[in-house]
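Colleague: Could you walk me through how to read a chain-chain interface? I'd like the general idea and then the case at hand.

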There are 4 protein chains.
Amino acid sequence: MASVEELTQRLRTFADERDWGQFHTPKNLVMAAAGEMGELVAEFQWLTPEQSAAVMEDPEAGGRVRAELGDVVIYLTRLADVLGVDLVQAALDKLEHSAKRYPVESSRGSAAKAPHDQPPAP
Amino acid sequence: MASVEELTQRLRTFADERDWGQFHTPKNLVMAAAGEMGELVAEFQWLTPEQSAAVMEDPEAGGRVRAELGDVVIYLTRLADVLGVDLVQAALDKLEHSAKRYPVESSRGSAAKAPHDQPPAP
Amino acid sequence: MASVEELTQRLRTFADERDWGQFHTPKNLVMAAAGEMGELVAEFQWLTPEQSAAVMEDPEAGGRVRAELGDVVIYLTRLADVLGVDLVQAALDKLEHSAKRYPVESSRGSAAKAPHDQPPAP
Amino acid sequence: MASVEELTQRLRTFADERDWGQFHTPKNLVMAAAGEMGELVAEFQWLTPEQSAAVMEDPEAGGRVRAELGDVVIYLTRLADVLGVDLVQAALDKLEHSAKRYPVESSRGSAAKAPHDQPPAP
């Protein structure tokens with residue numbers, strides 16, 4: 001399985017070869033990531049929750065979803081590289097924080113009981 | 001360095017323990033990822049490009065940026081797991097596609113020459 | 001009913017009084033609008049479609065949704081003012097374009113028949 | 001100048017004629033609005049703040065920006081109609097709230113003095 005480190009390195013080379021580092025400020029990259037996230041959201045906008053769960057069974061829609069996911073990851077990874085952040089470790093640290101905020105016992109199935117409440121995370 | 005596989009597994013356990021799988025349809029998860037992306041964007045909205053490049057030097061703002069990056073990655077990773085997509089491979093495949101679309105020679109520094117053109121990717 | 005013109009004028013005064021015009025470049029304002037849009041999306045992320053249709057019946061959640069809608073409109077209106085775009089006319093023009101692209105007869109109920117197709121607009 | 005009320009009515013007719021009301025749950029509409037917002041952000045992602053301020057001078061880029069603004073407003077207006085929210089009044093109410101939170105005297109030019117602070121609003 002390919003690693004984030006390999007992807008990071010390849011993106012760096014890609015940008016260097018094209019002299020695109022000049023455009024890759026964190027401000028620009030976060031905008032690019034947000035733009036791609038918008039395209040990913042659009043793939044799901046008219047689907048019911050049930051249809052969304054089956055989207056990969058449709059080769060065309062599934063291919064678009066996979067490509068949009070790839071685009072978001074590309075810009076996020078590039079952003080993290082420019083900022084000097086370890087993306088996976090940042091997620092693991094946040095998860096540990098969430099584990100304390102939402103103890104197993106008191107959180108079980110809770111969004112179902114209080115659907116309009118502040119959204120649970122993750 | 002922690003891997004995406006480890007993060008994927010931990011997120012699966014986290015959701016299972018809390019019986020949150022019922023809320024984790026792709027439609028819901030892509031919305032959660034987009035919501036967190038919005039918070040990430042907000043961290044950079046009033047910064048100049050130069051200030052954005054130095055954001056990690058400020059412990060408070062840098063900490064917020066890292067935490068928001070973690071949140072986005074959490075939901076993206078969970079979404080990819082539910083969809084059965086290999087996130088890093090999807091990015092590598094898209095990068096290969098972009099390498100063909102933007103050959104090194106003709107793309108060098110191109111956004112500078114045509115700033116209002118369709119944005120180069122990545 | 002209050003008009004977009006009145007809102008535009010009030011936002012202009014608000015920014016002028018605080019000398020915030022210096023931060024209100026289109027690039028910054030579109031980021032601010034995107035950030036607020038993320039918060040609006042987050043209000044709906046764990047709701048079923050049915051729950052989302054009843055969200056205003058809950059005073060707390062409904063109040064949050066209304067406030068987030070207000071935030072998005074504030075930044076969009078300010079952005080349009082800075083760009084010199086008439087927001088409502090831009091929407092009406094786009095709607096006219098969509099009316100031609102999606103003729104009534106051939107579009108009726110079509111997303112139901114082809115749920116994974118390119119999303120209809122609007 | 002066209003009004004939000006006129007736009008609201010036209011969008012309602014547009015959806016009714018095509019029997020698209022079935023897809024227009026708040027959850028779906030907020031996703032559509034977020035997707036269009038992503039496209040709007042993408043128009044600005046590689047521009048410097050200065051270039052972003054001049055974007056309407058370029059007929060092609062300016063036309064795209066205007067069209068994307070129109071798309072965002074279309075879905076926001078439709079969402080507000082379905083929710084029963086007066087979009088402009090929601091913004092005016094939020095602005096009043098912000099006026100109290102950011103008094104003129106203490107807020108003047110403040111983002112410049114504390115660029116990494118919590119972003120001022122609006």
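**Reading the C–D interface**

Modeller: Chain C and chain D bury about 6500 Å² between them, 74% of it on carbon and sulfur atoms. Buried area is the accessible area (1.4 Å probe) that two parts lose on being put together, summed over both. This is a predicted model, where local features need pLDDT of at least 70, side-chain atom pairs count only at pLDDT 80 or more, and totals for chains, interfaces and linings use all residues. Residues are numbered from 1 along each chain as written, chains are lettered from A and ligands numbered from 1 in written order, and side-chain values use heavy atoms, without hydrogens and water.

Colleague: Why quote an area at all?

Modeller: Because the size of an interface is often given as the accessible area lost when the parts come together.

Colleague: How many residues of chain C are in contact with chain D?

Modeller: Contact means heavy atoms within 4.5 Å. On that basis, 74 residues of chain C touch 74 residues of chain D.

Colleague: And how many salt bridges does the rule find there?

Modeller: The rule wants a side-chain nitrogen of Lys or Arg within 4 Å of a carboxyl oxygen of Asp or Glu. It finds four across the interface of chain C and chain D. C:Asp71 forms a salt bridge with D:Lys94, with the closest N and O atoms 2.5 Å apart.

Colleague: Which classes make up the side of chain C that touches chain D?

Modeller: That side has 48 nonpolar (Ala, Val, Leu, Ile, Met, Phe, Trp, Tyr, Cys, Pro), 13 charged (Asp, Glu, Lys, Arg) and 13 polar residues (the others, Gly among them).
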